[in-house]
Amino acid sequence: MNKLAKIALACMFAGSLGVCEAKLTIPKAEQMPVLLPEPRHDTACSRIYNFFTRAHYKIVNVDEKFATNVIDRLMSYLDYTHSLYTQGEVDLIYANTKGIINSLDKCYLNYPYDLYNQNIKKRYEKYSYLIGLLDSPLDLKADESIELDRTKASYAATEAELKNLWMRELKNEYEIQLLNGKTPKEATKRLKNRYIASMRRLSQITSEDVFSVFENAFATAIDPHTNYFGPVESENFNDDMNLSLEGIGAVLSQEDEYTVIESLLPGSPAEKSKQLKPKDKIIGVKQKNGKFEDIIGWRLTEVVKQIKGRKGTKVTLEIERGEGAATKTFNVDIVRDKIRLQDKEAKSKVYNSYNGKKVGVITISSFYTDLHLNVKREIDKLKAQNVDSIIIDLRNNGGGLLPEAVYTTGQFIKSGPVVLVRDVNSNEVPYEDEDQNIDYDGPLVVLINRLSASSSEIMAAALQDYGRALIVGDTSYGKGTVQQSRPLTRLYDLSGSDLGSIHYTIAKFYRINGGSTQLRGVTPDIVLPTLIDVTELGEKNEPNALKWDKISKTDYVRYSDPDRFVDRLSELYRQRIEKDPVFNVIQSERERYLKLKEGKVITVNFDKRKKLFDEDEKNALKNTNIRLKAMGKNPVKSVKDLPTDFEFDDPILLETVNIASDYSDMIKKKTDGDSVVAQTAAK
């Protein structure tokens, strides 16, 4: 069944064939919206301005210099890859700092809306041009290239240069399709559908979208962690902090015009239905006693609004599964329920080290409400299994609630300050663990990486300063600021409109030794190689990040001195990985990536590109089989032969397990079996 027939069939199920057929055509220019501010935006704008200029930690002067900074951030939203505007057009935007200032302080929002409406036209023009180019064969033999990172590239001087850039971008996308097994006909069709879907989404842009972009340009011109959340984003943020929501429990993504199921949350209504699978396409949604809404081409946020709902209510999804002649469609009835986001909860697992010791690992992915209770549960599980040491894995943990960082750190110390907080008035307040109980007093290792930020850094820094834990991994992100969320809607508002909320910086936090993690992060005692490119990650690379400083340290007593073991632990670690094939793979992949990145451009000559692609495929296959062999598994003939859900062993974690085992042995020899905390407490 071809795509047209498939979608027509889907529409017949939905009872709206005419609407669906229209979606297969390229939207016309007159279908693009011309957006204006809504009445509620004037109120929201005024309150945002007052909060940001009066209550933010950073002093904000809305002058020409600041307005230029706002334009910097605005352009990063409007033209992130510098591929829509000419230099002359950009110069005109930067010349209108007065219009930006009036939009910020007087809430005259016409200028940012005019700018966004112009941006919609430019995007429409670009997609139309790309679709037109696909009607003729592309010259893939020209010796041309395109920048790997265009976020700092020069803008085109002329319209002709701009269209030449679009041509090279198209060749790049087209070659990616060919190199991944698509025929020229399939590649052309896929890209056309992608650009048509993008044009449809342009037609669905709302006034709230424009307001959000402008106010977030204002927010991030102050610092990178200050934000405006519209009504929908506010709800999502609260769901994430509470690890719960009401709905069906499916993680969704967008692929061209389709909404696709990425995964099903364990125990959720979607998973319990036993009818849904990852990669299923949702093509229609029906509420109880309602009619099917055809959602092909809808924005993901609008689809989510239709699917989410109160506990106990029913929603029916129309599903499309399979491709080509194997395609089938069917309906699934689901009763919404309260979803606990269990995949984000703290979890534990026991590993055996190289010398047979049992090491417990507690993985914390975020600092959410009641995290410390979950960590207590996992500690008790590990203690019942008589582990020799515990690792707290904070990799990729971007932070969360400050009190939870204090409570969770307190589970590994008797009591005392965990972090120092300085507010906008320069008041310095220690946040202390006041609970005398210790849930775990044995050997402790904290694993961090460049994406460990904020509350993760508070916990890692405190345990390092107390000498309570050995810190292993890579230098952390370097976010040393505290944010507060505040709704913009007030009780006495008569309109009943939800104005959204703001998330803004109100303080900086400091280590108990007086140093700041801002920009510098937490430096590990033992540095492990990284699986990710960290050269451009971290607070120091964020525009408008607050500066590093320090204050006087507070009074605290160290429990132990892990530093005395670091040299020996590092020596043992290096001996293990020196000839370890997996660590050699990590190093070789990183070196290859950096070499390609240093080139700054990539060819769009297909023959040259194919040669690079084949080299990458050969290298990836070789490294894949090295890692499979290390796991005791058979080699594959192609990387694509691996199951989609296959996971390699985590070499960084496994080596941290070995380090924790060595650390435990060294502590026991020094203390004759006494726990670190117990020995200190006895002094």
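## Aromatic pairs

In this predicted model, a search of the whole structure finds 12 aromatic pairs. One of them joins tyrosine 127 and tyrosine 195, whose ring centres are 6.2 Å apart and whose planes meet at 20°, so the pair is stacked; the cut-off for that class is planes under 30 degrees apart.

The structure holds one cavity of 30 Å³ or more, and the volume of the largest cavity is about 40 Å³. Its lining is made up of Leu74, Leu78, Pro112, Leu115, Tyr116, Val210, Val213 and Phe214. Helix 4 (64-78), helix 7 (110-133) and helix 10 (207-222) are the elements that give two or more residues to this lining. By class, the lining of the largest cavity has eight nonpolar residues, with no polar and no charged ones.

Helix 4 is also the place of isoleucine 71, a residue that is buried with a relative accessible area of 1%. The C-alpha atoms of isoleucine 71 and arginine 321 are separated by 45 Å, and the two residues are 250 residues apart along the chain.

The length of helix 17 (residues 563-577) can be checked against its residue count: at 1.5 Å a residue, its 15 residues should span 21 Å, and the end C-alpha atoms are 21 Å apart, which agrees. The buried residues of helix 17 are Phe565, Val566, Leu569, Ser570, Leu572, Tyr573 and Ile577. As background to such a list, an α-helix has 3.6 residues a turn, so residues three or four places apart point the same way.

Leucine 594 lies in helix 18 (residues 581-598), and at 25% relative accessibility leucine 594 counts as partly exposed. Leucine 594 and leucine 252 are 342 residues apart along the chain, and 33 Å separate their C-alpha atoms.

## Positive phi in two loops

Most residues other than glycine have a negative phi. Lysine 274, although it is not a glycine, has a positive phi of about 60°. Lysine 274 is found in the loop between helix 12 (269-272) and strand 6 (281-287), and at 65% relative accessibility lysine 274 counts as exposed, a class that applies over 50%.

Asparagine 386 is likewise not a glycine, yet has a positive phi of about 55°. The loop that holds asparagine 386 runs between helix 14 (371-384) and strand 13 (389-393), and with 60% relative accessibility asparagine 386 counts as exposed.

## A buried strand residue

Isoleucine 319 lies in strand 8 (residues 314-321), where its relative accessibility of 0% places isoleucine 319 among buried residues. Isoleucine 319 and asparagine 331 are 12 residues apart in sequence, and their C-alpha atoms are 6.0 Å apart in space.

Technical notes
Residues numbered from 1 in each chain as written. Predicted model: local features only at pLDDT ≥ 70, side-chain atom pairs only at ≥ 80, totals over all residues. Heavy atoms only, no water. Helix = DSSP H or I, 4+ residues; strand = E, 2+ residues; numbered from the N terminus. Expected span 1.5 Å × (residues − 1). Buried < 20%, exposed > 50% of the residue type's maximum accessible area, 1.4 Å probe, protein only. 1 Å grid on protein atoms, 1.4 Å probe; cavity = no way out; pocket = protein on both sides within 12 Å on 5 of 7 lines; lining within 4 Å. Points joined across faces, edges and corners; volume = space filled by probe spheres on them. Nonpolar A, V, L, I, M, F, W, Y, C, P; charged D, E, K, R; others polar. Phe/Tyr/Trp six-rings, centres within 6.5 Å; stacked < 30°, edge-to-face > 60°.
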